[in-house]
Amino acid sequence: MTRPTAAADGRVPREEQTTPGAPAPAARQLAPAQAAGGPSVVIAGAGPVTRPGERETVRLRPGAPEEPARYAPEWLRLREPADAAARAADLLDPLRIRLANRPGRSGGLVVHDLGCGTGSMGRWLAPRLDGAQHWVLHDRDPYLLHFAAAGAPRAAADGSRVTVETRRGDVARLTPDALAGAGLVTASALLDVLTRDEIDALAAACAGAGCPALLTLTVAGRVELAPEDPLDAEITAAFNDHQRRTGLLGPDAVTAACEAFAAHGATVRVRPSAWHLGSADPELTAQWLRGWVGAAVEQRPELAERAGTYLAARLASLAVGELRAIVHHSDLLALAAPNGGTS
């Protein structure tokens with residue numbers, strides 16, 4: 001999708017990529033000590049980075065003007081294996097039960113994937129569900145939609161056919177009619193880059209369509225690093241404040257979503273879905289570290305000098321296989337009452 005993680009582990013804005021050795025944009029530079037641990041460019045791997053006054057949303061209504069693609073598929077490719085390993089597979093059984101008992105199931109399952117990015121959610125979920133599926137892939141970025149369509153799975157768990165279509169659109173404009181006919185709504189790394197009103201609109205739309213929602217990898221605001229460093233807590237707090245800027249919910253998103261879906265009569269289940277990073281995933285870990293620290297410095301520029309030294313030390317520790325990180329996320333399954341019944 002076009003939001004990072006950010007779900008706070010977000011997508012990488014393409015305009016922020018630079019040639020190796022080129023200076024980072026001013027807002028993303030850290031202290032010179034960072035150079036000891038790798039390139040000075042901080043990629044937004046741990047949180048959304050936007051231009052002033054800009055929102056990273058996914059239009060669900062046609063007619064939006066053409067915009068340049070902003071997010072690099074490279075970051076989404078890099079994080080996809082970690083996302084797949086982290087997602088809470090134990091939410092699939094209650095989802096399968098609901099889907100098996102949905103009205104009109106003989107016509108196949110229509111899945112709307114909001115902020116699909118390069119389509120990693122479909123590649124993970126479609127082969128884990130039985131029956132014919134039609135995936136409607138939503139994103140604001142036609143560049144990412146191209147990758148999502150090209151890389152979409154073609155078969156369900158039982159060999160049934162999986163088809164896809166793409167739509168450009170904006171989650172802030174989500175209405176129940178946008179989900180007409182939906183049997184399931186999915187999203188990955190989306191909730192924490194929404195406002196409370198947008199989450200309320202999403203819950204209302206799912207309730208109106210009578211369909212469940214599987215919303216994975218929402219940032220939880222907690223990071224565990226080993227070995228520990230005195231600056232860990234300060235970087236975490238600054239990063240979490242960065243996630244909450246301009247009214248976005250950041251680490252408060254899961255609580256807000258639980259309240260919103262429950263208010264519309266849905267049964268909600270939440271499970272942990274942490275990334276476990278370290279020497280087995282050095283490239284992902286390094287990019288996540290740069291993005292996490294970079295977002296903290298963007299929020300609190302006075303951290304820049306200490307954060308540069310901190311980042312260099314962390315990257316050096318990673319290089320010799322000593323660094324481990326647990327980046328906590330949450331997965332949420334909301335089982336809306338089908339057709340006005342009980343969930």
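Student: This is a predicted model. Which strands and which helix make the right-handed β-α-β unit?

Tutor: Remember that the model is predicted. The unit is right-handed, and its helix covers residues 120–125. Its members are strand 4, helix 3 and strand 5.

Student: How many bridges pair strand 4 with strand 5, and which residue in strand 5 is the bridge partner of leucine 114?

Tutor: Strand 5 spans residues 133–139 and pairs with strand 4 in the parallel sense. The pairing runs over six bridges. Within strand 5, leucine 114 has as its bridge partner histidine 138.

Student: Which residue in strand 7 stands opposite histidine 112?

Tutor: Strand 4 also runs parallel to strand 7, joined by four bridges. In strand 7, the residue opposite histidine 112 is valine 185.

Student: How many residues of strand 4 are buried?

Tutor: Strand 4 covers residues 109–114, six in total. It is mostly covered. The buried count is five.

Student: Is threonine 186 buried or exposed?

Tutor: Threonine 186 lies in strand 7, residues 184–188. Buried means under 20% relative accessible area. Threonine 186 has 0% relative accessibility, so it counts as buried.

Student: Which side chain joins that of threonine 186 in a polar contact of 3.1 Å?

Tutor: Threonine 186 touches several residues beyond four places away in sequence, among them Val111, His112, Asp113 and Leu114. Met121, Leu125 and Trp135 are also touched by threonine 186. The polar contact of 3.1 Å links its side chain to that of aspartate 113.

Conventions. Residues numbered from 1 in each chain as written. Predicted model: local features only at pLDDT ≥ 70, side-chain atom pairs only at ≥ 80, totals over all residues. Heavy atoms only, no water. Helix = DSSP H or I, 4+ residues; strand = E, 2+ residues; numbered from the N terminus. Buried < 20%, exposed > 50% of the residue type's maximum accessible area, 1.4 Å probe, protein only. Polar contact = N/O pair within 3.5 Å; in protein donor to acceptor, adjacent residues only side chain to side chain. Contact = heavy atoms within 4.5 Å. Pairing = 2+ DSSP bridges. Right-handed = clockwise from strand over helix to strand, strands pointing away.
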